[in-house]
Amino acid sequence: MTYDVAIIGGGISGLTTAYDLQRSGRRVIVLERQQTVGGNAISQRINGFLMEHGPTTLNTLVPQALELTKNLDIENQLLDLGLGVRKRYLRDGGTLHGIGIKRTGFLMSPYLSVRGRLRLMTEILRPRKTNNEDESIHAFICRRFGIEFAEKIMAPLVAGIFAGDAHKLSLQSAFPKLMKMEQQFGSVTRGVFNAGHSGEPGKRLFSFRDGIATLPKTLANAMAGCIKTGTAVKSVSKHPQGYRLETHRSGDLIARTIVFAVQPHVAASLLEPLDEPAATAAAAIDAPPLSVIFLAYARQQVSHRLDSLGFLSVAGSGGIINGAQFPSTMFANRAPDGFVSISAYVGGSGNHDAACLNSNDLSHLVHRELSDLLEISGEPIFSRCRQWARSIPQYEIGHSVKVSTIEALHLRQPGLYVTGNYLGGVSVGSCIEQARATASKINCYLPDVAQVAPANARAGISARA
Ligand SMILES: Cc1cc2nc3c(=O)[nH]c(=O)nc-3n(C[C@H](O)[C@H](O)[C@H](O)COP(=O)(O)OP(=O)(O)OC[C@H]3O[C@@H](n4cnc5c(N)ncnc54)[C@H](O)[C@@H]3O)c2cc1C
């Protein structure tokens, strides 16, 4: 059988692309190397606790994630952020500084000096940048909000979101909305007020009762029959009817179009014989190692209120933890009554060695560091460690040029498409947005759907309305 579309990779990106195309009546196959779908969206129940190995929250600022939830009819499983989230904590040296989550939190807190807060308030008066040169996040924030805000707030935030370095990451690629606010309104502050966004995370972040993996699992269930797990694609080559895929377990497959929904280094190696410019651009996108250390405690072991999403560490604070989340505060149903959980993040850009320590050492070091910061007594009830050899792609300065080269693949090689977290945003929501755009492009490229719809029906594939 010739498929309309073969999708390599069964993470959020690949599954969403497949879901949209299948709903359009296309003959679709998803090939996933692992035994389960979801990519790095893995939610695991352990003794009544829920460990998220990868993403922990979705954000309503990218509406596509909520839309997909509605399409899949799983709105009843949504969870808003817990009411216990009252502060954000920044760790500077050995101290956690609690800051109110309202928009005015940074102005009211003594965490920034008076001078630093004045600089923040006068952002509205700063001149707008006049050239279009790509700029680092650090340079932009220094220019608009001052160096204290850049180093004590933005740098830890960038390390938390991207496992990245604000000096190296491109504002235009990583935070395009901030750049547009400056261009359009002359000031980020004015842009935020105009957009009417709430500064409070509780109004924006959500998850599911059984974790983020609910999304890929439900997508896969809706497409049962057209997903092959445990099937790694070894190579892709041209074929008279489109492309031939050589797989590890399922022999060869033929498809008219291919979507590469894999990590950039995998896309680079599969694309090398097909399109040198895209392969080179994808190979140049780094994704540093990152470890997630999950620790479970009885509530009475931890003196700290844990009244937050968690904390972020300012560079030079000592220790190995970049930041930590408090899952049992963030969402209901994350720990049994009377117990709490903490997820710490170690590694990222410039911190490879720490991420690659062995898992026992990591758990031990993280527990010791948290014990000092959060006043924890005794040992954790249990700990688990997930080590991502390549975590989050780095949108470094010049990233947009790589993206343009990769996205133009289908113009040089008709029928070949790339989608994923290294193109239009790293968040799950951005991956969904990107995947839907990829599916639309393929629908435009393939002939009228009426020709293939009956075959889909024969294969017993249900297109959910
Ligand atoms: C620790 C961590 C925390 C995060 N936290 C958040 C968060 O809180 N909120 C948020 O929105 N985002 C978060 N993210 C980012 C987000 O999770 C990812 O960007 C997103 O899940 C990526 O999805 P994807 O489908 O593009 O890629 P992936 O999930 O990487 O999927 C790619 C898939 O391709 C498969 N594959 C690879 N090679 C082959 C092959 N040869 N043949 C077949 N299959 C192959 C892989 O097995 C994998 O399943 C986090 C990421 C990490 C690592």
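**Group meeting: the ligand shell and its surroundings**

Good morning. Around the ligand there are 37 residues, and G9, G11, G39, P55 and N421 come nearest; a residue is near a molecule if its C-beta atom, placed from the backbone, lies within 6 Å of it. Two or more residues of this shell are given by each of α1 (12-23), β14 (290-298) and α18 (428-445). Helices (H or I, at least four residues) and strands (E, at least two) are DSSP runs, numbered from the N terminus.

The model is predicted: local features need pLDDT of at least 70, side-chain atom pairs count only at pLDDT 80 or more, and totals for chains, interfaces and linings use all residues. Residues are numbered from 1 along each chain as its sequence is written.

By class, the shell around the ligand holds 18 nonpolar, 17 polar and two charged residues. Ala, Val, Leu, Ile, Met, Phe, Trp, Tyr, Cys and Pro count as nonpolar, Asp, Glu, Lys and Arg as charged, and the others, Gly among them, as polar.

Now the whole chain. The protein chain has 19 helices and 19 strands. Its radius of gyration, 23 Å, is close to the 23 Å that the globule rule gives for 465 residues, so the chain is as compact as a globular protein of that length. The radius is taken over C-alpha atoms, and the rule is 2.2 Å times the number of residues to the power 0.38. Of the 465 residues, 48% count as buried: buried means 20 or more other C-beta atoms within 10 Å of the residue's own, exposed 12 or fewer, and partly exposed in between, with C-beta atoms placed from the backbone.

In soluble globular proteins, nonpolar side chains tend to be buried together. Here the largest nonpolar core has 126 residues, and A6, I8, F260 and V346 have the most contacts inside it. Such a core is a set of buried Ala, Val, Leu, Ile, Met, Phe, Trp, Tyr and Cys residues joined through C-beta atoms within 7 Å. Residues up to four places away in sequence aside, I8 touches L31, V233, I258, V259, F260, A261, V262 and L270.

V259 belongs to strand β13 (residues 252-260). It is buried, because 30 other C-beta atoms lie within 10 Å. Beyond neighbours within four places in sequence, its contacts include V5, I7, I8 and Y417.

Finally, two backbone points. Most residues other than glycine have a negative phi, and most peptide bonds are trans. N47, in the loop between β3 (43-46) and β4 (49-52), has a positive phi near 50°. A163, in the loop between α6 (147-162) and α7 (171-174), has a positive phi of about 50°.

Conventions:
Two residues are in contact if their C-beta atoms, placed from the backbone, lie within 7 Å.
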